[in-house]
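Visitor: I am new to this structure and would like to learn how to read it, one feature at a time. Could we begin with a helix and then turn to the aromatic rings?

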Amino acid sequence: MKFLAITLITDSRDPVTGALTPTRERFREVVAAAELAEELGFDGFGVGERHERPFLSSSPPVVLGHIAALTRRIRLFTAVTTLSLLDPVRAYEDYATLDHLSDGRLELMIGKGNGTAQRELFHVTPEDQWERNAEGYELFRRIWREDKVTAEPRFRPALAGAEVLPRPFQRNLRVWHGSATSRESVDLAARYGDPLFSANVTHPIGPYAELIRYYRERWEHYGHDPAHAVVGAGTAGYHAAPTSQQAVRAYRPAFARYLAFHEQQGLEPVFPTLEDFVERSSALIGSPQQVIEKVHRYHGEFGHTALHLQAEAGGLSTAEHRASLELFQSEIAPVLRREIPDPSFPDFQGARPCPASPSGSSTSSRSRPVPPPPRPSTTASTSPGGRRPSATPATGSPSTT
């Protein structure tokens, strides 16, 4: 398994004083989080794209370009590039440039995006957003692979033998398709033989598992080998500590921010209490062994081999957040890397698009192992003597995640 740290760069307030953090300082915090992620051994760092409050992440290529200059190894992700809002020619120019500046460390996640304010800003409607996303990706993909492109898209001016520069560093860029609820995004990923990244942050596991099953069905429908499907999944939160009680206690301020955000947006929280959040959401909060077992349970439903964690403290102190990430890399990640292997992650080249009807044959040239079955869950309790901790959260109620 491989691990990404991501941020949506929310406009935030100081957890003690309540003062709004200056924008310049927020960007410095994001850059510091990326440097820490590389230092600790994360495989990738992702920056979201939003064009409305409370987010400051309207320009991922600029932020990632700065991070590229300060890092050497970590792969750079968008999470997600909202192609339904963007001119695919301009998006190509930005990301092809970033691809060179990062020495080929770029990977994209694409999606239609969400939010009424940003749709209005770009004059995109709920009725045409899916067509814009699909058309934008088709054109972006062609420009990336072809030296000159002729096309007559619906949502931007036609191209006649257009040469778009610079040509990319990576000829075969890996593009993930981010999806929270939409079958349209899932079908687009399956058609092109691209990996899927499930958001997996807002609801219990059920809707996300259903979408991933649909992805695998469509993958086969379009003629791809089932063993080549690649899935990633997000997490609603993360904090690990030596014991589950310590982890839950430390995470309470972060959960209070979760509730405050929902209140500000006029939304009813899906998980009204911290105990419910720990038990039923995708959040990984507990001892290292509890985190490992919860990832395995989700892997049993998803078959995923990539996982993202929140890159920033989000209500935890800086020291608590760093200690938690260090614990992840020292005690959690090595186990998951060993037990859920993903050997093709660094050099996956992607598959060519399939026709709209099944071809009956695989279009990928790389083989990929079928995800292993989930481990049986244990029920032993935590103790200072080193016995294996339970998969059940500190609340004492049975886990349903």
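Visitor: Where in helix 8 does a kink lie?

Guide: Please keep in mind that this is a predicted model. In helix 8 a kink of about 45° lies at R252, shortly before the proline P253.

Visitor: How far apart are the end C-alpha atoms of helix 8, and what span should its residues give?

Guide: Helix 8 covers residues 244-264, and at 1.5 Å a residue its 21 residues should span 30 Å; the end C-alpha atoms are 30 Å apart, which agrees. Just after helix 8, G266 takes a positive phi of about 70°.

Visitor: Which residues of helix 8 are buried, and what covers them?

Guide: The general idea is that an α-helix has 3.6 residues a turn, so residues three or four places apart point the same way. Here the buried residues of helix 8 are S244, A247, V248, A250, Y251, A254, F255, Y258 and H262. What covers them includes strand 11 (238-240) and strand 12 (284-286), together with helix 9 (274-280), helix 10 (288-302) and helix 11 (318-339).

Visitor: Which aromatic cluster includes Y251?

Guide: Y251 forms one aromatic cluster with F255, Y258, F271 and F277, and Y251, F255 and Y258 are among the buried residues of helix 8.

Visitor: How many aromatic pairs does a search of the whole structure find?

Guide: The search finds 15 aromatic pairs. One of them joins Y92 and W144, whose ring centres are 5.4 Å apart; since planes over 60 degrees apart count as edge-to-face, and these planes stand at 85°, the pair is edge-to-face. This pair links distant parts of the chain, with Y92 in helix 3 (residues 88-101) and W144 in helix 5 (residues 129-145), 52 residues apart. Y92 counts as buried, at 0% relative accessibility, and W144 counts as buried at 0% as well.

Visitor: What kind of pair do the rings of Y238 and F328 form?

Guide: Their centres are 5.5 Å apart and their planes are at 80°, so this pair is edge-to-face. Y238 belongs to strand 11 and F328 to helix 11, and the pair links distant parts of the chain, 90 residues apart. Y238 is buried, with a relative accessible area of 5%, while F328 counts as buried at 0% relative accessibility.

Visitor: Over the face of which residue does R183 lie?

Guide: R183 lies over the face of Y214, at 4.1 Å from the ring centre, and R50 lies over the face of F55, at 5.5 Å from the ring centre.

Technical notes
Residues numbered from 1 in each chain as written. Predicted model: local features only at pLDDT ≥ 70, side-chain atom pairs only at ≥ 80, totals over all residues. Heavy atoms only, no water. Helix = DSSP H or I, 4+ residues; strand = E, 2+ residues; numbered from the N terminus. Expected span 1.5 Å × (residues − 1). Bend = angle between axes of the 7 residues up to and from the residue. Buried < 20%, exposed > 50% of the residue type's maximum accessible area, 1.4 Å probe, protein only. Contact = heavy atoms within 4.5 Å. Phe/Tyr/Trp six-rings, centres within 6.5 Å; stacked < 30°, edge-to-face > 60°. Lys NZ or Arg CZ within 6 Å of the ring centre and 35° of its normal.
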